[in-house]
Every structure is written in C-alpha cells, then in structure tokens.
Amino acid sequence: MGKSTQQFSLWWQRWEWPSVSVNVPHFSVPPEEMASGAGSVATFSDYQTRRSLPKHSRNIFITYSSDLFYEMIGFVDVLSKHGFQATMDTVDRHLTNMNIITGEDSFIKDPSTFIIVAISPRYKLDIERCVGNSCSLHTKSIHSMMQLEFIQQGSLNFRFIPVLFLDACQEDIPGWLQNTHVYRWPLNKDDLLLRLLKEERFIPPPVPVELSVVITPVAAAPSTSK
C-alpha cells in the first residue's frame with residue numbers, strides 16, 4: 001500500500017492540469033465621507049450663502065401684544081438684516097423700516113407668508129378676554145383669523161410659528177398651537193431663521209452610492225511539474 005500511494009502522488013504532481021479561470025469580484029467602495037454615515041449640523045449662515053429665496057417668500061407677518069412693542073423693534077431689525085421683509089400688525093407711524101397694516105389683511109391671507117405669533121404673558125389675555133383696547137382687539141381679531149385657517153386646513157399647521165419672548169411659557173401659547181414646534185427668542189435664533197428659510201438644522205448624510213461589482217477573470221497559477 002505504501003508503494004501504491006507513492007506512485008499516485010508522483011502521478012498527481014506530473015499531471016498537466018488545464019488552466020482554470022476564477023471569477024473574482026471587485027467592489028468599488030463609496031467615498032469615506034459617504035460611508036461614515038454621519039450627518040452634520042447646519043447654521044443659518046451655511047444656507048444663506050448657498051440658497052436665495054425669492055422676494056415674495058421672504059415676507060413675514062408678526063402678530064403680538066402691546067407688552068412686546070419694544071422687543072419687536074429689535075426683532076424686526078434682526079430679520080431685516082438677514083434678508084426678510086417683516087411686517088407688524090400694529091406699529092407707530094413714526095417708526096421706519098417697518099410696514100404698517102391698517103385694516104388690510106393681505107399678508108394674513110397670503111398662504112406663502114409665514115406668520116410669527118409673538119407669545120408674551122399678555123398675549124393670551126388679549127385673545128381670551130371679551131373687552132379691551134383697540135390694540136388687544138386687533139390682536140384678538142388676527143388670532144381668530146389664524147385659528148379659522150388652522151381649522152379649515154384640517155388642524156394642520158403650515159405657516160404659523162409661535163415664538164416665546166420675555167418670560168412667556170408654554171401655558172401662554174394658544175391651545176391650538178400647543179403641538180407646534182415652539183421657539184424662544186433669542187435663544188433659538190438660528191433655528192428660527194432656518195425655519196423661515198424652510199430648511200432643517202440637521203443635514204442628513206449623503207446617500208451612499210450602491211456597490212458595483214466587476215467580474216475579472218483570473219487564470220490559476222500553472223502547476224509545477226517534476
């Protein structure tokens with residue numbers, strides 16, 4: 001048996017085996033930045049440098065109560081410096097750089113205009129009480145128009161943005177806006193500006209390209225004969 005095994009081994013080594021093609025897949029790996037799967041956080045300046053909204057999309061209407069009058073002056077100034085056209089519902093005529101609405105509600109009825117609801121401790125009182133001065137009644141009237149639109153839209157909010165000022169809290173927000181994302185000024189300044197640009201603060205990672213498979217025939221190494 002030992003001699004037979006030795007002869008078979010010798011025959012195996014001397015046999016001329018045909019060449020064999022082996023299909024070896026090669027994968028093209030996505031770029032490292034795509035494969036990492038990590039997103040990034042955007043700031044308002046990131047979008048401001050690469051996106052330009054049309055002029056009509058930068059119109060903003062602001063409704064507020066009289067206790068926020070001086071706060072609104074600085075607030076509107078910030079929005080204007082960032083390219084937005086802010087309009088207040090009530091304002092003294094001697095102030096400049098602000099539009100004045102006197103019974104005209106075109107901005108409120110324009111669905112492309114964002115409406116910022118400036119929430120203060122007085123705001124809820126103005127919209128809930130039955131009597132008040134002309135300013136509070138004006139605020140209440142605008143609130144009723146917004147609430148009616150919200151109901152007509154099937155309780156979906158597309159353009160009303162509640163913003164907390166001073167020491168206002170969640171309880172000061174009207175009930176129908178309680179489930180809407182709320183911003184606090186100036187703490188959430190960048191987030192609010194991004195919202196007005198219709199952008200998200202978190203930039204999702206780019207979708208990686210699909211792996212491509214390339215089949216390359218590779219010849220097997222020739223056998224060595226003794």
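Biologist: OK, what kind of model is it, and what is the mean pLDDT of the protein?

Modeller: It's a predicted model. The mean pLDDT is 75, and 60% of the residues reach 70 or more.

Biologist: Where does pLDDT stay under 50?

Modeller: Residues 20–37 are one such stretch, and the model has 35 contacts beyond four places in sequence for them. Residues 91–104 also stay under 50, with 27 contacts of that kind.

Biologist: Noted. Now serine 120, where does that lie?

Modeller: Serine 120 is in the loop between strand 6 (114–119) and helix 6 (121–128).

Biologist: Buried or exposed?

Modeller: Serine 120 counts as buried, because its relative accessible area is 0%.

Biologist: And which residues is serine 120 in contact with?

Modeller: If you skip its neighbours within four places in sequence, serine 120 is in contact with Ser65, Asp67, Leu68, Ala168 and Asp172. With aspartate 67 there is also a polar contact of 2.8 Å, side chain to side chain.

Biologist: Switching topic: how many salt bridges does the count come to?

Modeller: The count comes to 3.

Biologist: How many residues apart are arginine 122 and aspartate 126?

Modeller: They're 4 residues apart, about one turn of helix 6. As a general point, an α-helix has 3.6 residues a turn, so residues three or four places apart point the same way.

Biologist: Next salt bridge, please. What does lysine 81 pair with?

Modeller: Lysine 81 pairs with aspartate 77, and their closest N and O atoms are 3.3 Å apart. Both sit in helix 4 (residues 69–81), and because they are 4 residues apart, about one helical turn separates them.

Biologist: Why does lysine 81 count as exposed?

Modeller: Because its relative accessible area is 65%, and the cut-off for exposed is over 50%. Aspartate 77 is at 31%, so that one is partly exposed.

Biologist: And what about arginine 159, which side chain does it meet?

Modeller: Arginine 159 meets glutamate 149 in a salt bridge at 2.6 Å, N to O. That pair links distant parts of the chain: glutamate 149 is in helix 7, while arginine 159 is in the loop between helix 7 and strand 7, 10 residues apart. Arginine 159 is buried, with a relative accessible area of 3%.

Biologist: Let's talk sheets. How do strand 3 and strand 4 run?

Modeller: They run parallel, with 4 bridges joining strand 3 (residues 59–63) to strand 4 (residues 85–88). Isoleucine 62, for one, stands opposite methionine 88 in strand 4.

Biologist: What unit do those strands make with helix 4?

Modeller: A right-handed β-α-β unit, made of strand 3, helix 4 and strand 4.

Biologist: Where is the positive phi, then?

Modeller: Serine 155 has one of about 60 degrees although it isn't a glycine. The loop between helix 7 and strand 7 holds serine 155, and the residue is partly exposed at 49%. Leucine 166, in the loop between strand 7 and strand 8, has a positive phi of about 55 degrees.

Biologist: Last one: what's the relative accessibility of leucine 156?

Modeller: Leucine 156 is at 47%, so it counts as partly exposed. From C-alpha to C-alpha, leucine 156 and tryptophan 176 are 9.8 Å apart in space and 20 residues apart in sequence.

Key
Residues numbered from 1 in each chain as written. Predicted model: local features only at pLDDT ≥ 70, side-chain atom pairs only at ≥ 80, totals over all residues. Heavy atoms only, no water. Helix = DSSP H or I, 4+ residues; strand = E, 2+ residues; numbered from the N terminus. Buried < 20%, exposed > 50% of the residue type's maximum accessible area, 1.4 Å probe, protein only. Polar contact = N/O pair within 3.5 Å; in protein donor to acceptor, adjacent residues only side chain to side chain. Contact = heavy atoms within 4.5 Å. pLDDT = per-residue confidence, 0-100. Salt bridge = Lys/Arg side-chain N within 4 Å of Asp/Glu carboxyl O. Pairing = 2+ DSSP bridges. Right-handed = clockwise from strand over helix to strand, strands pointing away.
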